[in-house]
Amino acid sequence: MSEKNLEKTTAAAVEQERDHILDIKDLVVHFETDDGCVCAINGLNLSVRREKTLGLVGETGAGKTTTALSILNLVPSPPGVIKGGSIVLDGKDVLQMSEKELEHMRGNEVAMIFQDPMTALNPVMTVGEQIAESVMLHENLSQKDAFERAKEMLKMVGIAESRAYDYPHQFSGGMRQRVVIAIALACRPHFLIADEPTTALDVTIQAQVLDLMKELIDNNHMSMLLITHDLGVVAEVCDDVAVMYAGRIVEVGTTDEVFNDTRHPYTEGLFDSLPNLKEQGEELVPIKGMMPDPMHLPEGCTFAPRCPYATEACTQSVPELRHVNGSHYVACHAYDDPSFRLRRNANG
Ligand code: SF4
């Protein structure tokens, strides 16, 4: 490569890094147990663009939550071991940070929302006290000022300020999740990780909470990694989507690219098994089989035992992520074979 081209490539890489709040490269996370090694994350590459929401999709056991915990450097160790890779958040490698730097990052720069609001809230403190406590942990405010901030936060998530004096059990499930969102946003983080934030809520409340999160993210210029098993949620909220299978990304792109030009058989399977994205009268087709045992991953493409398009070649080597177009990448040996066309795309 000539010096000029090298300069251009380096400049493009720097530009791309600036555009991303999160860059995960070649991440490998294993859990070393007495029964053997659980290969949870197996060479994960993932980026989140600034001020955008990326949906991380996959079935239970794909490694989504381990990815989230890795970003906060909270993988329980032992038995968890981060074997390799880098996680660069806002220009700093999380895996190289001191405990003090990590503490500052968690809460000030990154916040996480979990699936079940009840486990995230303390039943013997008022919600106002809990939001104020979170503010005081990270900002130098008096108790009185922190409580005032708590009231503001409640108002922001659509709860009357007067309810700051109530306890979690006095709120409905949807309201409790709003309180959890208020706690997460109280310290104005740049980056939010939401792990199945609406799964425990009923469907109408789910839509309200998702709309609220989207609005808060947009208004506060934040970026979000939204972990979900539901492509319907992705369609509603996300700019980009990454599909995860057995600890790796198998397809990634903008939501538009992945939804309208699906290239991976696993992504196709997720669409086919989703009732609310199917046309009326179309048959639902569940993906056959189960996610492979992470202690005994199959050779080659880990999706091969469940893939209706698998050939001999698929079991010989692991497919790497290959560029389709735009920001769309797919890890499937057959994706550029002219005779290979997914049912989803063949049906138009
Ligand atoms: Fe299916 Fe082969 Fe593609 Fe894997 S590489 S998804 S087995 S067609």
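Predicted model: local features only at pLDDT ≥ 70, side-chain atom pairs only at ≥ 80, totals over all residues.

## Helix 2

Let's begin with helix 2, which spans residues 64–71 and is mostly covered, with six of its eight residues buried. Lys 64, Thr 66 and Thr 67 are on the buried list, along with Ala 68, Ser 70 and Ile 71. After the helix comes Asn 73, and its phi is positive, near 55°.

Side chains of opposite charge can pair when their charged atoms come close. The count here comes to 16 salt bridges.

Take Arg 306 and Glu 59, whose side chains meet in a salt bridge at 3.0 Å, N to O. This pair links distant parts of the chain, 247 residues apart: Arg 306 sits in the loop between helix 11 and strand 11, while Glu 59 sits in the loop between strand 3 and helix 2. Arg 306 counts as buried, because its relative accessibility is 4%. Glu 59, at 24%, is partly exposed.

## Two more pairs

Glu 161 and Lys 155 also form a salt bridge, at 4.0 Å from N to O. Glu 161 is partly exposed at 33% relative accessibility, and Lys 155 is exposed, with a relative accessible area of 56%.

Over in helix 8 (residues 203–219), Asp 218 and Lys 214 lie four residues apart, about one turn of the helix. Their side chains meet in a salt bridge of 3.9 Å, N to O. Both partners are partly exposed: Asp 218 at 40% and Lys 214 at 21%. Elsewhere, salt bridges that share partners join Glu 268, Asp 272 and Arg 343 into one network.

Methods: Residues numbered from 1 in each chain as written. Heavy atoms only, no water. Buried < 20%, exposed > 50% of the residue type's maximum accessible area, 1.4 Å probe, protein only. Helix = DSSP H or I, 4+ residues; strand = E, 2+ residues; numbered from the N terminus.
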